[in-house]
Structure formats: C-alpha cells, structure tokens
Amino acid sequence: MAVTTIKVRVAEITELTPEIRAFDLVPLNGTPLPPFSPGSHVVVHVPGEDRVRKNPYSLASSPWEQDRYRIAVRRIDEGRGGSVGMHERVRWGDVIEIEPPHNLFAPDRAATRHVLVAGGIGVTPFVAYAHALARDGVPFELHYAFRGPEHAALLDDLAAASPGALSTYVDDDGTAVLAGLRERLAGQPLGTHLSVCGPAPMMDAVLGLARELGWPESRLHLERFALDEAPRLPFSVRLASTDEVIEVPAELTLLEALEDRGIEIPYLCRQGICGECRTPIVDGTPDHRDIFLPAEEHGSALMPCVSRCARGPLVLDL
Ligand code: FES
C-alpha cells in the first residue's frame with residue numbers, strides 16, 4: 001500500500017512555549033489543502049539524522065482554512081526522535097511531506113453542548129473544535145490547564161476561535177482544574193458531551209469525576225497520546241510465510257522495522273489507538289502497549305506501531 005503524501009512548505013515557525021513550537025504549513029502551488037474535520041491529525045514525515053520518522057500531530061487551525069494547516073509540536077527529548085527532528089531540523093521555508101488528514105477524535109454530532117478539557121499540548125485538537133462549534137452555533141466551554149503561564153500554548157488562537165468560552169488553570173497536578181470542573185460538570189444539561197485530551201493522569205481524574213457525578217459512558221470522549229513511554233529493548237520477529245527474521249532495534253518500532261524491509265502495514269495513528277495496524281501472530285508473547293486491542297485478542301494479535309516483544313520467539317502471521 002503506497003502512502004499518499006502532500007508536499008507542504010513551512011511558512012512560519014512560532015515559539016509558543018519553551019517546549020512547544022507551532023509550524024504553519026502551506027501548499028506548494030496554491031492548490032488548496034484537503035478540508036478536514038475538527039479533531040483530525042496529519043502524519044508528518046519528519047526528517048531525521050538517519051531516517052524519516054512518521055509522527056501524528058493534531059491540526060490546530062480552522063477546518064475551513066485550506067491555505068494553511070497549523071500543528072504544534074512539543075519537544076520530547078526522551079522520545080524516539082520525531083519531535084526533536086521537528087524542532088532541530090525543520091526550518092522556515094523547508095518543504096516537508098505530510099499525509100492527508102484522518103480523524104480519530106471527532107466531536108459527537110449528537111451533542112447539544114460540549115465541555116472540552118485540555119491539559120498541556122492536549123489543547124491542540126480543541127482549536128479546530130472551537131472554530132467548528134462556534135460556526136455551527138453549538139454551545140461549548142473549554143477548560144485548559146497548564147503548568148505555568150510560560151507553558152500556555154495557542155491562547156491567542158483559542159481566544160480568537162472561542163471568545164468567552166475559555167477558562168484557564170495554572171495546574172501542576174490536576175487539582176485546580178478538577179476543583180473548577182466539579183461545579184461545571186454537575187450542572188450541565190442533558191445532551192452535553194465531555195471531551196478530554198491531555199496527560200493520562202489528568203484525563204483519568206476528569207473522567208473519574210464525571211463518572212462520580214453520574215455522566216454515562218456514552219457522553220465521555222478522550223484522546224490519548226504519548227503512550228510509548230516504557231523502556232524499549234531490541235528484539236526480533238520471524239515472518240511465518242517466509243521464515244525471514246527481522247531485527248527490531250531499541251530506537252525503532254516494529255512497524256518501522258517492517259516498513260524498512262518493504263512490508264507495508266496499514267496505519268492511521270501510529271500511537272496504538274486506532275487499531276488499523278492490527279497484525280496477527282502465530283507464536284510468542286507480545287508486550288502490548290496499545291489501548292485498542294481487547295484482552296481476549298492479546299494472544300493472537302498485536303499493534304506493531306507501539307507494541308513490542310515480551311517473550312520470544314515472536315512469529316507474525318505475515
Ligand atoms: S496505527 Fe493505529 S494502532 Fe497502530
């Protein structure tokens with residue numbers, strides 16, 4: 001499966017916080033970029049020292065702006081190199097490749113009102129949400145927590161898209177946003193949906209509060225990211241159809257190692273969320289790091305974009 005890409009030029013780079021940069025990407029020949037829906041991401045082909053990394057980033061601009069996409073990238077030094085590559089190698093005027101937008105975090109269209117809660121870089125999808133909900137006249141409120149004033153990103157974009165809807169919290173551990181939300185979540189009319197994006201502990205705490213207040217699961221939505229934080233060790237896999245053995249070094253995902261050998265596995269998120277890269281196994285014990293695969297399938301498949309090998313030999317049904 002050949003991956004379709006779009007060439008874009010980096011028209012502007014903005015330091016939003018000490019760790020987060022915004023990149024404004026424009027089409028090369030004035031051809032409009034594909035329209036997208038709020039919550040969409042693009043996979044960016046990030047130039048690296050020795051290889052291209054494919055990293056997903058939420059689109060943080062208006063869905064109706066087809067002459068510019070904005071993404072915001074938080075530098076993670078202990079990551080696998082994609083965000084560092086964006087910060088260190090991508091310069092103003094560069095031409096880079098992105099994949100067309102996909103949406104794994106769309107707002108529920110049945111909602112008559114939205115409460116949006118973001119922590120840190122998790123605010124990025126809510127810029128497009130704010131534009132779309134404001135345009136459609138759907139009421140919403142956006143609660144945004146960050147570690148300190150210097151870590152607040154995209155405030156101007158949010159204020160422009162959602163005047164009056166934004167509440168901010170300086171919050172290191174979720175205490176302030178939870179205190180502010182208790183009353184707000186308790187008093188929402190039926191038909192309100194809650195969407196949360198940010199660090200896992202904050203999302204768990206906010207969703208826990210909503211459940212405590214009686215919110216049904218059908219009205220709770222979340223987007224997780226940065227799942228691949230556990231230590232990575234090298235391992236090898238064998239392909240059942242050919243007996244070919246593929247080494248997966250610590251710095252690569254299994255998906256990247258397969259791609260390097262010309263084996264194309266479909267993907268959307270590359271973060272263990274969407275399920276698109278599900279690959280059957282015939283032997284071995286995976287180290288499952290995704291949040292998609294149900295426990296009853298843990299012995300028969302894995303998500304190679306994040307999962308690794310717990311005990312080998314790991315044999316893939318490929
Ligand atoms: S690409 Fe989404 S789970 Fe692997």
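First, a word on the domain bounds: they come from an automatic or database domain assignment. This is also a predicted model. On that basis the protein chain splits into domain 1 (6-102), domain 2 (113-223) and domain 3 (235-316).

Start with domain 1 and domain 3. Their C-alpha centres are 26 Å apart. The two domains do touch: five residues of domain 1 are in contact with five residues of domain 3. What sits on the domain 1 side of that contact? Two nonpolar residues, one polar and two charged.

Now helix α1, residues 82-89. Its buried residues are Gly82, Ser83, Gly85, Met86 and His87.

Next, helix α2, residues 124-136. This helix is mostly covered, with ten of its 13 residues buried. The buried set runs Thr124, Pro125, Phe126, Val127, Ala128, Tyr129, Ala130, His131, Ala132 and Leu133.

On to a helix pair. Two packed helices are described by the angle between their axes and the distance between the axes. The crossing of α4 and α5 is right-handed.

Which residues make the contact? From α4, they are Leu178, Leu181, Arg182 and Leu185. From α5, they are Ala205, Val206, Leu209 and Ala210. By class, that contact has seven nonpolar residues, no polar ones and one charged. The spacing has a simple background. An α-helix has 3.6 residues a turn, so residues three or four places apart point the same way. Look at Leu178, Leu181 and Leu185 in α4 with that in mind.

Now the loops, and phi. Most residues other than glycine have a negative phi. Two residues here go the other way.

One is Asp243, not a glycine, with a positive phi of about 70°. Asp243 lies in the loop between β13 (235-239) and β14 (245-248). Buried or exposed?

Arg270 is in the loop between α6 and β15. Here the burial call goes the opposite way. The threshold for buried is 20 or more. Arg270 has 24 C-beta neighbours inside 10 Å, so Arg270 counts as buried.

How does its burial come out? Ile263 has 16 other C-beta atoms within 10 Å, so it is partly exposed. What does Ile263 touch, leaving out residues up to four places away in sequence? Leu258 and Leu318. Ile263 and Leu318 are 55 residues apart in sequence. In space, C-alpha to C-alpha, Ile263 and Leu318 are 9.1 Å apart.

That's the tour. Over to you for questions.

How values were computed: Residues are numbered from 1 along each chain as its sequence is written. This is a predicted model: local features need pLDDT of at least 70, side-chain atom pairs count only at pLDDT 80 or more; totals for chains, interfaces and linings use all residues. Two residues are in contact if their C-beta atoms, placed from the backbone, lie within 7 Å. Ala, Val, Leu, Ile, Met, Phe, Trp, Tyr, Cys and Pro count as nonpolar, Asp, Glu, Lys and Arg as charged, and the others, Gly among them, as polar. A crossing is left-handed if the near helix is turned anticlockwise from the far one by less than a right angle, and right-handed if clockwise. Helices (H or I, at least four residues) and strands (E, at least two) are DSSP runs, numbered from the N terminus. A residue is buried if 20 or more other C-beta atoms lie within 10 Å of its own, exposed if 12 or fewer, and partly exposed in between; C-beta atoms are placed from the backbone.
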